[in-house]
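Hello,

Here is the structure you asked for. Please open it first and then read the notes below it.

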Amino acid sequence: MGRQIAVFGTGYLGATHAACMAELGHDVLGVDVDEAKLAKLAAGELPFFEPGLPEVLQRNIEAGRLRFTTSYQEAADFADVHFIAVGTPQKHGELAADLRYVDAVVESLAPLLRRPSVIFGKSTVPAGTAARLSTRARELAPDDAFAELAWNPEFLREGYAVKDTLHPDRIVLGVDSTRKGNAEVVAREVYAALLEEEIPFLVTDLPTAELVKTSANAFLATKISFINAIAEICEATGADVSVLADAIGHDARIGRRFLNAGIGFGGGCLPKDIRAFIARAGELGASQAFSLLREVDSINMRRRNKMVELAREAAGGSLVGARVAVLGAAFKPDSDDVRDSPALNIAGQIQLQGAAVSVYDPEAMENARQLFPTLEYASDVPTACAGADVVMILTEWKQFTGLDPIELAKCVRQPTIIDGRNCLMPKAWRNAGWTYRGIGRP
Ligand code: UGA
């Protein structure tokens, strides 16, 4: 039987979680402070791009299993299972995560609880947050037994959000090991359909659950920076990092995924999560352990400068007056997310150095324009590349990897291409008369 669930926050994580919980047969109320966003969602429209999610959203709104509200009172009256899915961005001018939105959910919700309820945190938070919120929720609730808090981190990737929510690799549940509670029983009901698929279900204490999430993202970031550091060595020796990654990736202990060298990682998760991890380790007196992650971060940021250097070289030593076409603005393909996007960051730096930069992205134009209003935005690939001295592929959209080098050569001033994601076949481009530069490949 379906449960009555409230999901707080309707961004990537919250909107996906709310729609997918309804898809599992639960009655779901999505809660947010942003009325405009809720109106869009209630009309079955997503305020962001996520393949497959609009269908799930619309289907469940029509079936009457999914509604939206700004009212915490309505949420507390309706549901006894609550998910916190608000953002934990990087604090301005600090490495640490800003927990104000997570705190606000607990502060507003807990006093309104009138029956035994479980609050599951899904947001990515520094270790120790769940224990603190657990105490706080019980203090604020009218009865100590009304507010049980557990941590159920989310591992979804943008672009695969529905699949990752309905068929995750694993479900992790952190419970307060000092108190007997209902969270595990409730989680087993909520995720019954997933558990039937024999998806691994790991019950841990609160700090372990929090750390599973941050460690997973830190490991992924480390893998990417590792291969990017190897790319630097490949560049110095004339080796090919893509072939190298294929070869080491055959070792099952290493694995080929997340070994694509290029302009590095961005987005709303990996960069801020490793920084929050470094900050938290410092607070806990374990900062030495994280000199590794500082290096991961600086290797990653170095890639962006390297791309600007490559563009300068390709433009003949100076970017002043050069025309540069940037294909890709999203932090990765199949997303319209430009948060900490390396592509846009590079486009911005190149423009600051005197070039005229024309950007095109299949989905992220609107978000890019908001973040970097001074860049020029083109309506399609040929317009972006018209008269270009340098073309840069900075997000590996299928539309770009499938470009015809012969056709594209017709619209540029000089056929020079920089492949920031090593996603093109160098031979095909060189045969068509292009000067090709990849990352860590000859
Ligand atoms: C990431 C994690 O992959 C998810 O498991 C996690 O749940 C999520 O963060 C989160 O914390 O919410 P996401 O931000 O959607 O998911 O993006 P990824 O697919 O991890 O890609 C991150 C960045 O790494 C992108 O900029 C991508 O282009 C880059 N990347 C990825 C590489 O440069 N090389 C690779 O081999 C793989």
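A polar side-chain atom of K213 lies 2.8 Å from an oxygen atom of the ligand, a polar contact, that is, a pair of N or O atoms within 3.5 Å; within protein, one must be able to donate a hydrogen and the other to accept it, and residues adjacent in sequence count only if both atoms are side-chain atoms. For R421, an N or O atom in the side chain is 3.0 Å from an oxygen atom of the ligand. E158 uses its backbone instead: a polar atom there is 2.7 Å from a ligand oxygen. Taken alone, the ligand exposes 720 Å², and the protein buries 90% of that (Shrake-Rupley method, 1.4 Å probe; for residues, only the protein chains shown count as cover). In total, 21 residues surround the ligand, and the closest are F155, L156, E158, K213 and N217 (a residue counts if one of its heavy atoms lies within 4 Å).

This is a predicted model, in which local features need pLDDT of at least 70 and side-chain atom pairs count only at pLDDT 80 or more, while totals for chains, interfaces and linings use all residues. Residues are numbered from 1 along each chain as its sequence is written, and side-chain values use heavy atoms, with hydrogens and water left out.

Now the domains. The chain is assigned domain 1 (4–199) and domain 2 (218–437), with bounds from an automatic or database domain assignment. Their C-alpha centres lie 33 Å apart. The contact takes 17 residues from domain 1 and 18 residues from domain 2 (heavy atoms within 4.5 Å).

About 1,400 Å² is buried between the two domains, 53% of it from carbon and sulfur atoms (accessible area, 1.4 Å probe, lost on putting two parts together, summed over both). On the domain 1 side, F49, L95 and E158 lose the most area to domain 2, together 44% of what that side buries.

E158 also meets R339 in a salt bridge between side chains (3.2 Å, N to O); the rule asks for a side-chain nitrogen of Lys or Arg within 4 Å of a carboxyl oxygen of Asp or Glu.

Regards
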